[in-house]
Amino acid sequence: MQRIKFMIQFFLKEPLWFRLLLSITFLSSVIFSSSAFSNNAFYEGLSKLAAAIFFSALGIKMRMNRIIAIILFALAAFCIYLSILALY
């Protein structure tokens, strides 16, 4: 529980533009990956691209912890690969 409080406080200390970027990319990733948009490859690719932006932004923010940043950048690269694959 204490770790969750720390993560919420960490998120609330960020600038407004960063909180909006994370919130919008997370919500768009969830919405476009839902079953309502599953029959269109463009929306699936868009969902994975939004997830890549989300992971990249978190990776840039977590640069002080190198292992976490590398994991987040690897996830972002994987999401970009899946996004390109979904469009073809």
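Guide: A nonpolar core is a set of buried nonpolar residues joined through side-chain atoms within 4.5 Å. Keep in mind that this model is predicted.

Visitor: Which residues make up the largest nonpolar core here?

Guide: In soluble globular proteins, nonpolar side chains tend to be buried together. Here the largest such core has eleven residues: Phe-18, Leu-22, Ala-51, Ala-52, Phe-54, Phe-55, Ala-57, Met-62, Leu-72, Ala-76 and Cys-79.

Visitor: How should I read the packing of H2 and H3, and what is the angle?

Guide: Two packed helices are described by the angle between their axes and the distance between the axes. For H2 (residues 16–32) and H3 (residues 41–61), the angle is about 150° and the axes are 8 Å apart. That makes the two roughly antiparallel, and H2 passes H3 in a left-handed crossing.

Visitor: What residues make that contact?

Guide: On H2 they include Phe-18, Leu-22 and Ser-29, and on H3 they include Ser-47, Ala-51 and Phe-54. By type, the residues of this contact divide into 13 nonpolar, four polar and one charged.

Visitor: Is Ser-47 buried or exposed?

Guide: Ser-47, which lies in H3, is buried because its relative accessible area is 3%, and buried means under 20%. Not counting residues up to four places away in sequence, Ser-47 touches Ser-29, Phe-32 and Ser-33.

Key: Residues are numbered from 1 along each chain as its sequence is written. This is a predicted model: local features need pLDDT of at least 70, side-chain atom pairs count only at pLDDT 80 or more; totals for chains, interfaces and linings use all residues. Side-chain values use heavy atoms; hydrogens and water are left out. Axes are lines fitted to C-alpha atoms, for helices over the stretch in contact, and angles run from 0 to 180 degrees between N-to-C directions. Helices (H or I, at least four residues) and strands (E, at least two) are DSSP runs, numbered from the N terminus. Angles under 35 degrees count as roughly parallel, over 145 as roughly antiparallel, 65 to 115 as roughly perpendicular and the rest as oblique. A crossing is left-handed if the near helix is turned anticlockwise from the far one by less than a right angle, and right-handed if clockwise. Contact means heavy atoms within 4.5 Å. Ala, Val, Leu, Ile, Met, Phe, Trp, Tyr, Cys and Pro count as nonpolar, Asp, Glu, Lys and Arg as charged, and the others, Gly among them, as polar. Buried means under 20% relative accessible area, exposed over 50%, partly exposed in between (1.4 Å probe, protein chains only).
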